[in-house]
Amino acid sequence: MIWFLLAGMAALAALAALWPVLRKPAAALEPNADFSETAFYKAQLEEIQRDVERGQLPQSEAEAARAETARRLIALRRAAPENPKEGLPRPRDRRAAAALIAVGLPAVSISLYGLIGHPLMPDEPLASRHELKAAESDVVAAVAGVEAHLMAKPDDGRGWAVIAPVYMRLERYEDAAHAYSEALRLLGENASRRAGYGEAVVAAEGGVVSEKAREAFDKALADEPGQPQARFYLALGAEQDGKTDEAIRDYESLLRDAPPAASWAKAVRDRLAALKGEVPQVAAEASPAIPAAQRPMIEGMVSQLASRLASAGGGVEDWARLIRAYAVLHEADKAKAALADARKALAPNANAVASLDALARDLGLGGAN
């Protein structure tokens, strides 16, 4: 089916290109296109003569008007080609161009699709498309319904608590942070909600555990000392700050207290092993630095930070955030490339370069170049 569609599109494109080639040139359709202008100037000369005969135009002014009109008429005749068809493409040339377009355009386009497209990719079953669209539609409708309810009743703490994790799954991290904040304000302190708020703040800030997020995790631990989500992100924050020993101690403590079937335990073990140097730096998919569910979100935020620094630059704190984020994601090559870019951008600032060198040593990226 796809090939019939492609053939039809190629045919339409070829027809669009052939039309101006096959259409008869306008100059050939109107060989006397300058006749109206010539007649106008001749009529102007006759009108000047009539004005003289009626005494409405002095002879001196009439001579000047005749001279100007005659000059324009002569210029018009000189500009007009002797043969109106001169310079137009010959019929044989137009037929050759038409043949080239008719054959070449479809051949090139279909060949190009065969090279860079995916002609053998199977169709997605119609049923799965309907199921996916229905699921997406259900989520969108549910979110819209809750949002409408919260607009009418903004003091409904339960509504904010319900929609906050949904915003996280939809990668609307700032909205999630706001929803968690409202739920905490209206429903009171809760360790899980406070940790969720901190995680949303981390996500909104590109995967970096900021001071604002640390405060949220500290509050969560004050209410529930063993809260695993808060403990993990605080350990991650220590790692990002270059406090390797502290991060190792916190990760080990978290693993000792982890339930046997904890889904996040593998991420902690991988992080711990990497910090101890027990395994080589590997691809992010094999050894995630953060829980797998959060990885796409963190990568997107880090990519935005990298793009901003590449286009607008930034201070040593911004570059350090990017380098640490790549280290957390186990993307050592990108971390080293960002380190090199930071050194180059901040070269005039000796203190900034020294800070970058210290960060590189803490993260195991090498010393000064």
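The protein contains 17 helices and 0 strands; helices (H or I, at least four residues) and strands (E, at least two) are DSSP runs, numbered from the N terminus. This is a predicted model, in which local features need pLDDT of at least 70 and side-chain atom pairs count only at pLDDT 80 or more, while totals for chains, interfaces and linings use all residues. Residues are numbered from 1 along each chain as its sequence is written, and side-chain values use heavy atoms, with hydrogens and water left out.

Of the 369 residues in the protein, 35% are buried, a term for residues under 20% relative accessible area, with exposed meaning over 50% and partly exposed in between (1.4 Å probe, protein chains only). Among the contacts in the protein with a separation of 6 or more, 54% join residues 24 or more positions apart; contact means heavy atoms within 4.5 Å.

## Two helix pairs

The table sets out two pairs of helices. Axes are lines fitted to C-alpha atoms, for helices over the stretch in contact, and angles run from 0 to 180 degrees between N-to-C directions.

| Helix pair | Axes come within | Crossing angle |
|---|---|---|
| H7 (residues 157-169) and H8 (residues 173-187) | 8 Å | roughly 155° |
| H16 (residues 332-345) and H17 (residues 350-363) | 9 Å | roughly 165° |

The angle makes H7 roughly antiparallel to H8; angles under 35 degrees count as roughly parallel, over 145 as roughly antiparallel, 65 to 115 as roughly perpendicular and the rest as oblique. The crossing of H7 and H8 is left-handed, meaning that the near helix is turned anticlockwise from the far one by less than a right angle, whereas clockwise would be right-handed. Residues of H7 in this contact include Trp160, Ile163 and Tyr167, and those of H8 include Tyr180, Ala183 and Leu187. The residues of the contact of H7 with H8 comprise 14 nonpolar, 2 polar and 3 charged. Here Ala, Val, Leu, Ile, Met, Phe, Trp, Tyr, Cys and Pro count as nonpolar, Asp, Glu, Lys and Arg as charged, and the others, Gly among them, as polar.

H16 and H17 are likewise roughly antiparallel to each other, and their crossing is left-handed. Leu339, Ala342 and Arg343 of H16 meet Val353, Leu356, Asp357 and Ala360 of H17. This contact of H16 with H17 has 5 nonpolar, no polar and 2 charged residues.

## Cores and selected residues

The largest nonpolar core has 43 residues, and Phe217 and Tyr251 have the most contacts inside it. Such a core is a set of buried Ala, Val, Leu, Ile, Met, Phe, Trp, Tyr and Cys residues joined through side-chain atoms within 4.5 Å. Elements giving two or more residues to this core include H7, H8, H10 and helix H12 (244-256). Leaving aside neighbours within four places in sequence, phenylalanine 217 is in contact with residues including Ala195, Val202, Tyr233 and Leu234. Another core, of 23 residues, lies apart from the largest one and has Val302, Ala306, Val316 and Ala338 among its members.

Arginine 214 belongs to helix H10 (residues 211-223) and is buried, with a relative accessible area of 16%. Beyond its neighbours within four places in sequence, arginine 214 is in contact with Val209, Leu234, Gly237, Ala238 and Asp241.

Alanine 335 lies in helix H16 and is buried at a relative accessible area of 1%. Its C-alpha atom is separated by 4.9 Å from that of isoleucine 323, 12 residues apart along the chain. With neighbours within four places in sequence left aside, alanine 335 is in contact with Ile323, Tyr326, Ala327 and Leu365.
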